[in-house]
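Dear colleague,

My notes on what was found in it follow directly after.

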Number of protein chains: 2
Amino acid sequence: MLETLAALAEPNRFRIVELLRDGPQSVNAIGATLGLNQPQVSKHLRVLKAAALVEVEPLAQQRLYALRGEPLRELQTWLDGYRELWEERFDQLDNLLTEMSQAPSPTSIRKDKRHAKRK
Amino acid sequence: MLETLAALAEPNRFRIVELLRDGPQSVNAIGATLGLNQPQVSKHLRVLKAAALVEVEPLAQQRLYALRGEPLRELQTWLDGYRELWEERFDQLDNLLTEMSQAPSPTSIRKDKRHAKRK
DNA sequence: CAGGCATATGCTCATTGCAGCATATACGGT
DNA sequence: ACCGTATATGCTGCAATGAGCATATGCCTG
């Protein structure tokens, strides 16, 4: 997960991923499209491959890099655990503040109350 | 988007986000839970705030940091554009290869993970 | 099998980013 | 006003990382 995020966080790698969304590409094709030098493309692809975000298929002397969905799917799954943050209507922070604003003694701050929202 | 990814890609920040999933926390509470020094927590929170992943609400001398769903939602939306990669059955790479490989020599599927080391 | 194309690797340099420590600032209680 | 608590900021050192350039490796074709 962290590896996926780190791989995607780099601007050029992000662009590569977006480019590969439309189908596999050769290293040179990627470099030409994005205006990157070939060695740099290879290095970025190496990182993406280490993160399992791409797979390679040699074709003649070329290497066709294709996007792999699995890591992205895992990201999706992880994000699903946070859906409640925008799907549900109640604002945790506001609730908490409203709740303790009527509590006169702030010395005893109980942080966890009913925030356990099921997961 | 890139900022969101970069913010999440850092291990400790990732842990902070996961921690804040269960509700707002003060800086010290976060540090205590995750075993981080206070200054470092503040710095990480700064990055998270710059990425709009958290919001602050001052309470007495404390600052309560709460998770914001919006950036995560945007990530979700972005990922939705890649759903086809794992939801649909057809494999783009295989299609492409089959299509353009009228070359009789079968592109031998040898998945050699190790690069040939230079001698 | 020599030569050329496509890609990978090695090296250096510059930048970035995180951790640690010290210190500054904000706020509340006494 | 003074002190303690809570948090933020500044500075330094160090490790990681990306870009550029040169070069090695792999593979096809004549």
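In helix α2 (residues 11-20) of chain A, the buried residues are Arg13(A), Ile16(A) and Leu20(A). A residue counts as buried if 20 or more other C-beta atoms lie within 10 Å of its own, as exposed if 12 or fewer do, and as partly exposed in between, with C-beta atoms placed from the backbone. These three lie on the same side of α2(A) because they cover an arc of only 55° around the axis, the arc being that of the directions from the helix axis to the C-beta atoms. An α-helix has 3.6 residues a turn, so residues three or four places apart point the same way. The cover over the buried residues of α2(A) includes α1 (2-9), β1 (25-26), α3 (27-34), α4 (38-50), β2 (54-59) and β3 (62-67) of chain A.

This is a predicted model, in which local features need pLDDT of at least 70 and side-chain atom pairs count only at pLDDT 80 or more, while totals for chains, interfaces and linings use all residues. Residues are numbered from 1 along each chain as its sequence is written, and chains are lettered from A and ligands numbered from 1 in the order in which they are written.

Chain A has seven helices and three strands, arranged along the sequence as α-α-β-α-α-β-β-α-α-α. Helices (H or I, at least four residues) and strands (E, at least two) are DSSP runs, numbered from the N terminus. Of the 119 residues of chain A, 21% are buried. Among contacts in chain A with a separation of 6 or more, 46% are between residues 24 or more positions apart; a contact requires C-beta atoms, placed from the backbone, within 7 Å.

The largest nonpolar core has 31 residues, of which Leu48(A), Val54(A), Leu48(B) and Val54(B) touch the most other members. Such a core is a set of buried Ala, Val, Leu, Ile, Met, Phe, Trp, Tyr and Cys residues joined through C-beta atoms within 7 Å. Leaving aside residues up to four places away in sequence, Val54(A) touches Leu20(A), Leu45(A), Leu48(A), Lys49(A), Tyr65(A), Ala66(A), Leu67(A) and Arg68(A).

Between the chains, helix α5 (residues 70-80) of chain A packs against helix α5 (residues 70-80) of chain B at an angle of about 145°, with the axes 10 Å apart. Axes are lines fitted to C-alpha atoms, for helices over the stretch in contact, and angles run from 0 to 180 degrees between N-to-C directions. Leu72(A), Leu75(A), Gln76(A) and Leu79(A) make the contact from α5(A), and Leu72(B), Leu75(B), Gln76(B) and Leu79(B) from α5(B). By class, this contact of α5(A) with α5(B) has six nonpolar, two polar and no charged residues. Here Ala, Val, Leu, Ile, Met, Phe, Trp, Tyr, Cys and Pro count as nonpolar, Asp, Glu, Lys and Arg as charged, and the others, Gly among them, as polar.

Ala52(A), in the loop between α4 and β2 of chain A, has a positive phi of about 65° although it is not a glycine. Ala52(A) is partly exposed, with 14 other C-beta atoms within 10 Å. Ala60(B), in the loop between β2 (54-59) and β3 (62-67) of chain B, has a positive phi of about 55° and is likewise not a glycine. Ala60(B) is exposed, with 11 other C-beta atoms within 10 Å.

Yours sincerely

Definitions and conventions:
Contact = placed C-beta atoms within 7 Å.
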